[in-house]
Amino acid sequence: MKTIYRTLIMAVIALCTTTMFVQCADDDDNGNAINEPTCDDGIMNADEEGIDCGGTFCEPCAVVLDFSGTYTQEDHMGRPGINTVFGGSDQVKNSFNVSITSDRATFQPIFESTLENYFDEYAVELGLDPANVNYETNILGLDATVFTTVLAQFDALQVAPDGETTYFNPGTGAALTGRNLADDVIDISLILMFGGDDLMNLNFDGDPAGEPLLITDGVDAGDRDFSLDFPYMSTVNQ
Amino acid sequence: MKPTKLFAVLGGAAVAILSIFLIAADHVDAPAVAQTTTDIADVYAFEGSNPNNTVLIATIQGPLTPGNVTEMAEFPEDVLVEFNIDNTGDFVEDLVIQAIRRGDSMYFFGPAAPAQTGLNSTIQTTAPMNSVKISSTSETEVTTNNNMSFFAGPRRDYFFFDFDRFNQVASDTPPTEGFLPAGQATDFFEDLNVLAITVEVPNSMLGTAPAHAAKATGLPQFDNFPNAYNVWVSAKRKQ
């Protein structure tokens with residue numbers, strides 16, 4: 001940079017010798033007359049675009065940025081998958097996205113109905129009485145009403161400033177204290193919906209043979225790197 | 001009757017119940033927002049490398065295929081992404097961290113109390129402002145200032161899910177075994193990317209965390225749950 005800058009200075013001097021650059025008025029040959037343009041001389045000189053900013057060598061001039069206006073919500077997200085799984089209809093999903101987090105009591109009965117509907121449809125498929133095939137209290141001890149109340153009315157990530165932050169860690173038992181990049185939120189969601197209340201003996205685990213596997217999609221995080229420092233996620237797949 | 005017994009009799013036809021199940025965490029979650037630049041893909045919130053900090057990540061516009069699609073993806077200048085923090089337990093945002101692109105940089109405001117809560121926002125230009133040059137697919141740019149760190153740019157998608165198998169499970173002729181077991185399942189998102197906005201902030205800037213929201217159920221199993229902020233992300237478009 002300095003070399004280039006000197007080159008520019010030489011060019012300026014050369015200009016001064018043939019033209020009328022006002023700072024070149026000194027002609028006493030004592031070497032101190034030419035004021036070299038710098039980025040802190042308080043003058044708009046060289047190719048600066050403002051006083052000591054812009055141009056080839058100085059920091060860009062401050063741009064007056066426009067941050068005015070009103071911005072209106074089109075999407076929101078707290079916990080993963082809530083709207084897609086429990087919204088039920090397109091109309092409900094659209095309205096959920098433009099609702100206020102603290103004002104969602106009306107969505108609870110919809111969510112509960114959607115949840116039960118999964119089991120009802122399943123029962124119909126099997127030719128059974130839907131009244132006998134229902135959501136079972138999950139591993140958090142939540143029945144259908146409380147579960148859907150938590151989902152609808154408390155749709156945010158709970159984030160603990162102290163201690164482990166995880167959506168659910170079966171190893172430690174920590175739950176609802178955050179969502180880290182490694183959390184298998186799909187499996188956790190499937191377990192909460194279909195697994196029942198016994199973590200050691202979950203429903204729909206593919207056992208006995210012939211029972212479908214519904215509490216895990218069978219994939220883990222693979223080779224994603226969770227050891228990275230800020231910004232914590234790795235560069236793109238090429 | 002336990003559902004497990006039912007499947008012993010009738011097999012996997014019942015997995016059709018999953019036919020409207022989740023596409024992805026929040027990717028493409030509703031018709032009005034699907035495939036738009038306000039579509040939030042995922043939200044993460046976790047303890048940083050510095051245990052006194054919390055990391056907030058919002059990913060949008062996912063998933064992006066590698067190559068041109070990823071390289072051409074950009075944050076719109078008319079979309080404001082807000083991290084909302086409720087530190088009183090009423091699910092109303094007490095603090096926001098706002099992110100919006102101008103030129104080649106993402107500008108961040110806050111954490112600061114919003115001028116108004118709810119569906120409409122103005123940018124808190126009187127709040128502390130930081131910026132970071134938006135990263136490219138090859139260069140990672142990070143700004144750290146006042147113990148906060150900022151990032152915006154394309155990243156690998158960290159959401160993992162056997163989406164293809166899901167489509168089979170959700171079809172009219174679902175596989176009788178449901179999802180595939182580990183080792184046979186395939187992560188649809190493994191080779192895909194997303195746009196990420198990442199902020200790391202000292203907890204001291206977020207106020208005191210309220211009682212955990214689950215305690216509102218009154219159920220004893222939540223008695224020992226730690227105090228916790230309530231955090232969500234909203235994407236808002238300029239009117």
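Predicted model: local features only at pLDDT ≥ 70, side-chain atom pairs only at ≥ 80, totals over all residues.
Residues are numbered from 1 along each chain as its sequence is written, while chains are lettered from A and ligands numbered from 1 in the order in which they are written.

**View 1. Chain A, from end to end.** Chain A has six helices and two strands, and from the N terminus they come in the order α-β-α-α-α-α-β-α. Here helices (H or I, at least four residues) and strands (E, at least two) are DSSP runs, numbered from the N terminus. Of its 238 residues, 38% are buried; that label goes to a residue with 20 or more other C-beta atoms within 10 Å of its own, while 12 or fewer makes it exposed and anything in between partly exposed, with C-beta atoms placed from the backbone.

**View 2. Helix α6 of chain A.** This helix covers residues 185-194, and nine of its 10 residues are buried. Among the buried ones are A:V185, A:I188, A:L190 and A:F194, and A:D187 is on that list too. After α6(A) comes A:G196, with a positive phi near 80 degrees.

**View 3. Where the two chains touch.** The predictor gives the complex an ipTM of 0.88 and a pTM of 0.83.

View 4. Strand β1 (residues 71-77) of chain A runs antiparallel to strand β6 (residues 120-121) of chain B, joined by two bridges. Strands pair if DSSP finds at least two bridges between them. Look for A:Y71, which sits opposite B:S121 in β6(B).

**View 5. The open sheet of chain B.** Five strands line up as β1-β2-β10-β9-β8, with antiparallel pairing. Strands β1 (40-47) and β8 (143-145) stand at the edges with a single partner each, so one side of each has no neighbour in the sheet. Within the sheet, β9 (residues 148-156) and β10 (residues 193-202) pair over eight bridges, and B:A152 has B:I197 as its bridge partner in β10(B).

**View 6. Strand β3 of chain B, covered on both faces.** Eight of the eight residues of β3 (residues 79-86) are buried, so the strand is largely enclosed by the rest of the structure. B:V79, B:V81, B:F83 and B:I85 take one side, with B:L80, B:E82, B:N84 and B:D86 on the other. B:N84 has a partner in each: B:W232 in β11(B) and B:V96 in β4(B).

**View 7. Confidence along chain B.** Chain B averages a pLDDT of 87, and 85% of its residues score at least 70; pLDDT is the predictor's confidence in each residue, from 0 to 100. Over residues 1-23 of chain B, pLDDT stays under 50.

Terms used. Contact = placed C-beta atoms within 7 Å.
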